[in-house]
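Student: I would like to learn how to read strands, sheets, helix packing and chain contacts. Can we work through one case together?

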Amino acid sequence: MARPLIEVEGVSRAFHVGESSVLALRHVDLRVDEGEMIAVMGASGSGKSTLMNILGCLDRPTTGRYRLSGIAVETLDDDALAELRNHVLGFVFQGFNLIPRTTAVENVTLPLLYAHVPPREAREQAIVALRRVGLGDRLEHQPNEMSGGQQQRVAIARALVTNPRVVLADEPTGNLDSRTTVEVMALFQDLNHLGMTLVIVTHEDDVARYCRRVLMLRDGRILSDHPAAHGSARDDLARMPAEEDA
Amino acid sequence: MKILALVRMALGSMLRNKVRAALTVLGVVIGVASVVVMIAVGLGARSDIEAKVENLGVHMIVVSAGSSTRGGVSGGAGSFNRLTVDDAVFLDEEAESITAVTPVISTMAPIVGGAGNWRAPIQGVDTCYFTIRAWEAASGRLFTDDEVRNRRKVVVLGHTVAEALWPDQDPVGQRIRLRNVQFEVVGVLDAKGQTADGSDQDDVVLSPYTTVQTRLAGRQFIGQILASAASKEAVPDALAEAKTLMRESHRLSAGEDDDFTVRDQTQMAATAQATTNTMTLLLSTIAGISLLVGGIGIMNIMLVSVSERTREIGIRRAIGAKRRDILLQFVVESVVLSGIGGLLGTGLGFVGSAVVGRITGWATEVAPATVLLAVGFSMAVGAFFGFYPARRASLLDPIEALRHE
């Protein structure tokens, strides 16, 4: 199953700050195959957010080529990029980024509405996605009525609801306590076992060790790229002292 | 995304900021309500002025002595005076679309009586003059058919004449002298005020035309024959008929020019209409400006909303919203706001029109077309003023927007 999903060749990204320009990414090459679970690590300023934005079709490389699922991204216009984000990608953010004062099911329905799925059908699919992340009993809750872990699971359901080829997670556990972190990672591992490709940006080693592969960035270059421990989050969770579900 | 889903979303986001939405809507409500009231007032004023024009004379037609042209030199109006009492009688008997006819015999004479003397036109008229001009006695009475038939020396004074000769007293029952002939004052007319061209309608003495013809010496002429058409709609027919009958009465052959002119009050009505139109335009402009202010309020709130929801816009863009989805979302939100304002404003406009109608006594009815216009216009205002904030939202860079706190 070594079909390439993400192909990055010689990608650089320059930002102009006043007169000078800063290179956030310097000639990065990266290939991610289907079914991988890869952690992108690095200190702040290493270029991992910039790489994430480019992989997520939110930003375009200054030079270099990026093919996502066989599509040359740099040739696409704004609307086509939006469609790619909608159909091919799923986003999970650090701050959960749910739309406030909007119920869980409405949040999850949103990507489907943008894909012109009829509202009734979209709602049904959203409920299925929420059940999949274990939130079947929180459908009509608003973000401020849920814990951080639950909010992040709503965000994951929203990322999954369009059946994307790859889920991009930007510091998905940054705002979570250690137990919830492991729970979320267990969820990601479950998805990965079912064949979902995951790219997770993190600076936590605890997160990276649940992935299959770890990419280290420094100063906009790839410092290292090696397989990871891929410990089982479910097993760790079982070993953790029982706790009230957050 | 379907429009219905967008509208639901817009309503949802309105409910999230109830107070703010209510205040924004209020601006539109006031704007639309004032437009509705002003249009109603304008229409009310128009029908009021139409009634006043009517008051100058009921569907009045004026036959005037024509001009004569001899050898290419026009003698001007009245220079060739052939109007006679017989013409008036002929018109009265023959015309079907005309209900009342009176000759108006004019002369000028010093009026002596009461406090001193005065000079005003003396007009000899028939009793239906009062009907045609819708003129009633303020005190005393009008003269009667009997008095006309018997050439009684009675007069009815115009308000100005009465004031001039008897400043502090009711002149009814008093006597005046016109060219040394004594007349009894039987009544004083209602004040009619000035005409559009500034002449005082109340500076007049009215007497039976028979009396004026026989008892008053001096140059006399029938300057006018006044007639009343059966209805407003019958005025054009009455005009045509009067013209034909006058030619017949004067025995004019086909080739000859008219030696008279026949006019109605369209000139007057047109002037009055123009005045009301100007007023309606003025009021509507003011109302329109308040709606404009309401629109600016919407724009303001939409701009605030866009900057507050920058992050939400980023999220929506990240999960696949296109620029036009964002644009549409905010335009729909703005149109929903203004549309609700339009509906509420129309309701308030109904109430306001009723109140203004009660105060002024005008028939301020809200036409159904006004409602459609008001709601449609307010939605257009919403779309117009919502477009700029919505465009700003749609042009946000998704990465910047996501980073926004």
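Tutor: We will take the sheets, then the helix pairs, then the chains. This is a predicted model: local features need pLDDT of at least 70, side-chain atom pairs count only at pLDDT 80 or more, and totals for chains, interfaces and linings use all residues. Residues are numbered from 1 along each chain as its sequence is written, and chains are lettered from A and ligands numbered from 1 in the order in which they are written.

Student: What is the strand order of the open sheet of 4 strands in chain A?

Tutor: Start with the terms. Helices (H or I, at least four residues) and strands (E, at least two) are DSSP runs, numbered from the N terminus. Two strands pair if DSSP finds at least two bridges between them. Here the order is 2-1-4-5, with antiparallel pairing. Strand 2 (20-33) and strand 5 (71-72) of chain A are the edges; each has a single partner strand, so one side of each lacks a neighbour in the sheet. Strand 1 (residues 4-17) of chain A is joined to strand 2 of chain A by 10 bridges. Within strand 2 of chain A, Val32(A) is the residue opposite Ile6(A).

Student: Which strands are at the edges of the sheet of 6 strands in chain A?

Tutor: This open sheet has the order 6-7-8-3-9-10, and its pairing is mixed. Its edge strands are strand 6 (89-92) and strand 10 (221-227) of chain A, each pairing on one side only. On average, neighbouring strands are turned by 15° against each other, direction ignored. Strand 7 (residues 166-170) and strand 8 (residues 197-201) of chain A are parallel, with 5 bridges. Val167(A) faces Leu198(A) of strand 8 of chain A. Helix 5 (residues 148-160) of chain A lies across strands 6 and 7 of chain A, at about 170° to strand 6 of chain A.

Student: How do helix 3 and helix 5 of chain A cross?

Tutor: Two packed helices are described by the angle between their axes and the distance between the axes. Axes are lines fitted to C-alpha atoms, for helices over the stretch in contact, and angles run from 0 to 180 degrees between N-to-C directions. These two axes come within 8 Å and cross at roughly 25°. The helices are therefore roughly parallel to each other (under 35 degrees; over 145 is roughly antiparallel, 65 to 115 roughly perpendicular, the rest oblique). On the side of helix 3 of chain A, the contact uses Ala104(A), Asn107(A), Val108(A), Leu110(A) and Pro111(A); helix 5 of chain A brings Val154(A), Ala157(A) and Arg158(A). Contact means C-beta atoms, placed from the backbone, within 7 Å.

Student: At what angle do helix 3 and helix 8 of chain B cross?

Tutor: Helix 3 (residues 85-94) and helix 8 (residues 235-249) of chain B cross at roughly 130°, with axes within 10 Å. They are therefore oblique to each other. Asp87(B), Phe90(B), Leu91(B) and Glu94(B) of helix 3 of chain B meet Ala242(B), Leu245(B), Met246(B) and Ser249(B) of helix 8 of chain B.

Student: How many residues of chain A are in contact with chain B?

Tutor: 20 residues of chain A are in contact with 15 residues of chain B. Helix 2 (78-87) and helix 3 (104-114) of chain A each supply at least two residues on the chain A side. The largest share, 6 residues, comes from helix 2 of chain A.

Notes
Two residues are in contact if their C-beta atoms, placed from the backbone, lie within 7 Å.
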